[in-house]
Amino acid sequence: MQAEKEDEDEASPEEYVALSDFTGGGSDQRSFSSGDRLLVHSKPSAEWWWATLQGVPGYVPASYLRLVTAEEEEEEDISLEDPWQDEEYFGSYGTLRLHLEMLSDKSRTETYRQVILSNSASLRNKAVMDLGCGTGIISLFCAQLAQPSVVYAVEASSMADYTRQLVKQNGCEEVVTVLQGRAEEIELPEQVDVLVSEWMGNCLLFEFMVESVLQARDRCLRDGGIMWPSSAALTLVPCQADSYYTEKMAFWERPYGLDFTPLQPLAQQEFFTKPKFSHLIEPEDCLTAPCDVICLDMYTLQVRDLEEMKGQFHFCVEKSGVFHGFTAWFTVHFESLEEGGAAVELNTGPNSEPTHWKQTLFMLDRPVSVYAGDSISGSIVLHRNPVWRRHMTVTLQWNINSSTEDTDNCQANLFMSLYT
Ligand SMILES: NC(=[NH2+])NCCC[C@H]1O[C@@H](n2cnc3c(N)ncnc32)[C@H](O)[C@@H]1O
């Protein structure tokens with residue numbers, strides 16, 4: 001949600017340099033080009049700052065900017081850290097915490113097991129690549145439940161050393177070959193028939209591991225080979241989030257009999273200007289039927305498509321309630337290796353078994369009452385961060401067309417731009 005412009009603070013503005021182009025989405029945003037020098041006057045939120053470029057003011061995304069240090073002033077050389085933050089990223093996967101979380105997610109892990117099991121006959125003598133194998137669980141399922149000719153288990157983090165031990169420990173070293181390295185750089189001895197990976201992040205795309213999968217598809221998958229998942233969809237629904245709203249906003253009304261409401265603008269900034277990951281929405285919180293707003297075909301999707309993905313939506317309010325925000329989740333499908341065979345689905349939405357991804361909640365600045373018969377229509381744009389390549393901005397714009405209000409078209413042109 002756009003941070004409200006605050007009074008210019010007295011401190012003199014700081015000079016920042018733009019690390020990439022930015023095209024403003026809302027009228028109060030300031031576009032700029034890579035290398036531009038901006039003066040930052042205030043920082044109303046961590047994500048959006050108030051700045052001027054050549055004297056023209058507007059909101060700018062903080063993550064696109066870097067403070068100009070005295071040395072850089074001289075060197076005129078703005079060096080970029082690793083835009084993929086790989087050290088931190090693969091470092092986190094070198095420990096057990098995340099692998100334990102993923103392996104403990106029965107819905108996720110059993111789905112991949114089901115995919116292997118239901119395709120075991122067709123996997124006979126096939127070459128498989130398990131991209132980002134982690135502890136190797138999918139590769140071990142392949143070796144245990146089917147008879148592929150080989151499984152190349154590719155893992156960039158230091159976990160690969162342990163994965164080799166697990167493969168040996170479970171008597172699968174004849175079939176499974178663990179290769180440590182980034183999938184984009186690994187040279188496989190042969191093209192594979194099946195590329196399987198568990199690459200999905202929050203809001204489907206966060207981490208952008210999907211880019212690695214697409215590059216591996218183009219380098220390592222033979223023509224006619226199978227992608228697992230074969231397709232993916234991001235789903236959205238307008239929802240109530242009363243307990244979260246109460247916890248973060250209503251709380252300030254009467255804590256211990258005192259009036260703390262002057263803190264509510266701060267609460268809105270701090271809690272409602274970025275998505276809430278690992279939110280668990282109840283089916284009854286949905287105000288309308290959900291809608292798949294972005295659909296990805298893993299055979300045709302191109303890396304360049306990931307820069308900006310757009311979706312439209314039109315929700316019909318089925319029951320009156322309070323519209324606190326939007327909730328997003330994803331579904332992936334695994335097509336059968338057999339002609340006409342049934343696909344396997346992993347749905348991370350509120351009507352399925354909860355997963356470690358749970359759902360993602362985007363809160364409005366302030367809740368809006370909606371009534372049966374109203375409609376909420378608009379668009380969502382996932383804009384990949386041009387600097388930090390594992391991050392994206394989610395921009396939601398919508399109108400509420402109310403059938404009950406006296407004005408036949410109460411517009412609430414709202415704009416929410418949130419960084420994941
Ligand atoms: N579903 C997710 N969001 N993350 C779950 C899979 C992540 C696993 O893939 C590994 N991994 C991620 N990217 C790569 C890559 N390009 N090459 C090799 N391993 C990778 C990473 O080290 C971790 O073990």
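Predicted model: local features only at pLDDT ≥ 70, side-chain atom pairs only at ≥ 80, totals over all residues.
Which residues in α3 meet K106, R108 and T109 in α4?

**Close-up 1. Helix α3 packs against helix α4.** Here's the reply to the opening question: M102, L103 and S104 are the α3 residues that meet K106, R108 and T109 of α4. Sort the residues of this contact by kind and you get 2 nonpolar, 2 polar and 2 charged. For α3 (residues 96-104) and α4 (residues 106-118), the angle is about 70 degrees and the axes sit 5 Å apart. Angles from 65 to 115 degrees count as roughly perpendicular, so α3 is roughly perpendicular to α4.

Close-up 2. Take E155 to start with: a polar atom of its side chain lies 2.6 Å from an oxygen atom of the ligand. At A183 it's the backbone that takes part, with a polar atom 2.9 Å from a ligand nitrogen. E207 uses its side chain, where an N or O atom is 2.9 Å from a nitrogen atom of the ligand. On its own, the ligand has 530 Å² of accessible area, and the protein covers 98% of that.

Close-up 3. Where is P229 found? You'll spot P229 in the loop between strands β10 (221-228) and β11 (231-239).

**Close-up 4. N125 has a positive phi.** A negative phi is what most residues other than glycine have. N125 isn't a glycine, yet its phi is a positive value, near 65 degrees. To find N125, follow the chain to the loop between α4 and β6 (127-131).

Key:
Residues numbered from 1 in each chain as written. Heavy atoms only, no water. Axes fitted to C-alpha atoms, helices over the stretch in contact; angles between N-to-C directions. Helix = DSSP H or I, 4+ residues; strand = E, 2+ residues; numbered from the N terminus. Parallel < 35°, antiparallel > 145°, perpendicular 65-115°, else oblique. Contact = heavy atoms within 4.5 Å. Nonpolar A, V, L, I, M, F, W, Y, C, P; charged D, E, K, R; others polar. Polar contact = N/O pair within 3.5 Å; in protein donor to acceptor, adjacent residues only side chain to side chain. Areas by Shrake-Rupley, 256 points an atom, 1.4 Å probe, with all protein chains shown as cover.
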